[in-house]
Amino acid sequence: MRFAGRVWRLLVGIKDGLVLVFMLVFFGTLFAVLTARPSPAEVRGGALLIELDGFVVEERQHVDPVEAFITGQAPIGEYQARDLIRAIDAAATDSRIRAVVLDLDRFMGGGQVHLEALGSALDRVRAAKKPVVAFATAYANDGLLLAAHASEVWMDPLGGALVAGPGGTQLYYKALLDRLKVDAKVYRVGTYKSAVEPFIATSMSPEARENYQALYGALWSEWQADVAKARPKANIALAANDPVGWLRAGGGDLAQASLRAGLVDKLGSRADFEARMVELVGADAWSDEPGAYALTELDPWLEHLGRPSGGAAIGVVTVAGDIVDGEAGPGTAGGQRIADLLDEALARDIKALVVRVDSPGGLVLASEEIRRAILRHRARKIPVAVSMANLAASGGYWIATAGDRIFAEPETITGSIGIFAVVPTFQRAAADIGVNADGVRTTPLSGQPDFLGGFTPELDQVIQAQIENGYSDFLARVAQARRMTPAAVDRIAQGRVWDGGAARQVGLVDQYGGLEDALAWAAGRAGLEEGGYHAVYLGAEDNTYETLLRRWLIDDGQAGDGAARRDVTGLMSARQAVLGQRLVRDLDRLLGGSGMQAYCLECPATPRAATAQRSGDAPGWLGTLAALVLKLG
């Protein structure tokens with residue numbers, strides 16, 4: 001009996017322990033859920049603090065807790081440009097906010113269209129007689145573009161600024177593939193469709209070089225014009241064109257050189273900067289830390305503003321990132337996911353639709369799936385405007401043809417009207433290790449595609465014909481949308497990439513303007529008066545789980561190494577990560593088995609915290625090519 005009693009007490013203790021653990025988990029989870037969203041009560045006036053610890057993007061990705069657990073790092077922060085603009089504009093008119101602070105110490109970059117729109121919003125704050133103050137240890141192109149719109153630009157004395165301008169090198173793999181005895185089978189249409197050049201050449205073609213020079217020249221001119229307008233006294237030309245002479249003029253000190261060139265206004269530590277902010281907005285009554293100034297953080301401020309409401313609803317669907325099949329996204333444009341969002345919107349009282357595109361393109365079939373879903377809105381007589389952000393190229397432009405009117409900024413990159421496919425074969429590599437292929441065929445396509453024995457000439461011709469037919473389809477869609485002949489479209493297509501200004505001149509764009517201009521036009525076509533509508537972003541609602549993860553992993557300062565403070569050397573070293581992403585992207589382009597692609601590989605990459613992944617049900621490169629060949633049959 002004594003033994004049985006001891007066992008009973010042990011079981012009771014285990015039960016009590018489990019109950020206690022369950023209650024702790026339950027109440028801990030309940031507390032986390034209740035506190036997941038920032039509280040509007042945290043709005044305390046003073047300065048609106050915008051800490052850009054990561055990227056400015058069109059649409060932020062969902063947080064993947066499994067990836068964070070495996071890598072041991074939190075994802076780098078992403079900040080939607082529309083949220084930032086809305087927060088800044090509200091700060092300009094709210095009497096509680098006395099200044100706006102840009103903390104760019106961990107800023108990773110953003111697209112030129114987004115940054116110039118943010119700069120315009122900061123100008124509106126200054127027009128309201130409120131100071132805008134920026135701080136960073138080091139500034140590169142993107143940070144300088146934002147900071148130029150501040151009334152005071154601070155920099156750590158150990159930092160510096162670099163004016164590099166757009167452009168750089170591409171990687172070419174033909175010599176490596178030849179050494180490995182791998183053949184890249186390329187099927188394409190377009191003189192300027194240089195997306196496949198890395199696999200078939202060792203250097204840039206003259207046509208690609210011409211296109212790059214025109215594109216980057218236009219973007220660089222726009223960047224210089226924006227910075228010069230915001231900071232007329234800044235000596236951009238010296239810093240950009242003679243960096244060695246510029247540095248020598250500053251005594252070899254980048255910080256002093258930046259100050260002398262007018263790129264920054266003051267050199268000082270963060271403590272010096274915070275002391276200045278105390279002068280401008282007062283001390284923080286809620287903090288005992290020395291130098292703490294009165295501030296309101298971004299998330300509580302946005303929560304306080306709430307969602308736009310009042311008047312009729314105009315739907316906004318975002319096509320951001322690579323266009324792929326399936327449910328991928330947000331941050332990647334999964335064709336099925338976006339088409340479903342559009343179809344669900346048909347059941348709502350949506351008076352007009354704006355398609356916001358920030359994509360270099362992707363799969364033809366996924367692009368067409370989204371385009372068809374947009375056309376279902378037009379069939380209901382719903383006005384459709386297309387608003388191009390940083391990129392609306394190739395598959396992104398394919399989608400844009402579904403709109404009634406296309407808006408773009410001068411810095412937008414668009415066009416790239418062309419089709420290609422690239423597939424590796426390994427017959428030379430197999431033969432080199434003693435593997436030979438032989439057999440019997442009943443037709444020219446028997447056993448094809450044969451990646452070890454090689455493709456037959458007939459299969460090559462069939463695939464090329466399909467690519468050419470896809471290009472003809474692309475031309476036909478553009479011709480119908482732009483009221484041009486296919487021959488006229490072909491003259492400005494051929495895979496050529498255009499900046500927004502040139503695209504408007506050749507007829508690919510209707511009007512200069514941003515998202516607000518597209519909304520206003522769509523509202524007018526729907527018969528809505530100014531102020532009588534609000535935007536509803538389809539599929540953009542964060543759930544409590546998402547918000548909780550974001551606050552735990554990112555907002556609590558647990559960002560990964562990519563968002564660490566950097567001096568100038570650190571900024572340059574960060575390009576190693578970009579190089580790694582480019583290698584992965586190019587390898588995926590070769591081995592990904594994506595079938596027909598309308599993708600602008602030559603376009604500058606939109607900043608993104610993580611490489612977009614394909615949907616989980618993708619069949620792989622062998623399966624996809626096989627499906628393409630079956631489709632051709």
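This is a predicted model: local features need pLDDT of at least 70, side-chain atom pairs count only at pLDDT 80 or more; totals for chains, interfaces and linings use all residues.
1. **The six-strand sheet.** Six strands form an open sheet with parallel pairing. Their order is E9-E7-E6-E4-E1-E10. Strand E9 (266–267) and strand E10 (295–297) stand at the edges. Each has a single partner strand, so one side of each is left without a neighbour in the sheet.

2. **The E1–E10 pairing.** Strand E1 covers residues 46–51. E1 pairs with E10 in the parallel sense, over three bridges. Within this pairing, Leu48 stands opposite Thr296 of E10.

3. **Helices on that sheet.** Two helices deserve a look here. Helix H12 (residues 270–281) packs on the sheet and touches E1, strand E4 (97–103), strand E6 (132–139) and strand E7 (152–161). The direction of H12 makes about 165 degrees with that of E4. Helix H13 (residues 298–305) also packs on the sheet, where it touches E1, E4 and E10. Relative to E10, the direction of H13 makes about 75 degrees.

4. **The three-strand sheet.** A further open sheet has three strands in the order E3-E2-E5, again with parallel pairing. Strand E3 (77–80) and strand E5 (109–110) are the edge strands, and each pairs on one side only. Strand E2 (residues 54–57) pairs with E5 over two bridges, in the parallel sense. Val56 has Gly110 in E5 as its bridge partner. Helix H4 (residues 112–127) lies across E2 and E5 and runs at about 90 degrees to E2.

5. **The H14–H15 pair.** Helix H14 (residues 335–346) packs with helix H15 (residues 364–379) at an angle of about 5 degrees. Their axes are 8 Å apart. Because angles under 35 degrees count as roughly parallel, H14 is roughly parallel to H15. By class, the contact has nine nonpolar, three polar and three charged residues. H14 contributes Gly335, Gln336, Ile338, Ala339, Leu342, Asp343, Ala345 and Leu346. H15 meets them with Ala366, Glu369, Ile370, Ala373, Ile374, Arg376 and His377.

6. **Arg482.** Is Arg482 buried or exposed? Its relative accessibility is 14%, so Arg482 counts as buried; the cut-off is under 20%. Arg482 lies in helix H18 (residues 457–482). A polar atom of the Arg482 side chain lies 2.7 Å from the backbone oxygen of Gly507. Leaving aside neighbours within four places in sequence, Arg482 is in contact with Tyr397, Ile406, Gly507, Leu508, Val509 and Asp510.

Technical notes:
Residues are numbered from 1 along each chain as its sequence is written. Side-chain values use heavy atoms; hydrogens and water are left out. Axes are lines fitted to C-alpha atoms, for helices over the stretch in contact, and angles run from 0 to 180 degrees between N-to-C directions. Helices (H or I, at least four residues) and strands (E, at least two) are DSSP runs, numbered from the N terminus. Angles under 35 degrees count as roughly parallel, over 145 as roughly antiparallel, 65 to 115 as roughly perpendicular and the rest as oblique. Contact means heavy atoms within 4.5 Å. Ala, Val, Leu, Ile, Met, Phe, Trp, Tyr, Cys and Pro count as nonpolar, Asp, Glu, Lys and Arg as charged, and the others, Gly among them, as polar. Buried means under 20% relative accessible area, exposed over 50%, partly exposed in between (1.4 Å probe, protein chains only). A polar contact is a pair of N or O atoms within 3.5 Å; within protein, one must be able to donate a hydrogen and the other to accept it, and residues adjacent in sequence count only if both atoms are side-chain atoms. Two strands pair if DSSP finds at least two bridges between them.
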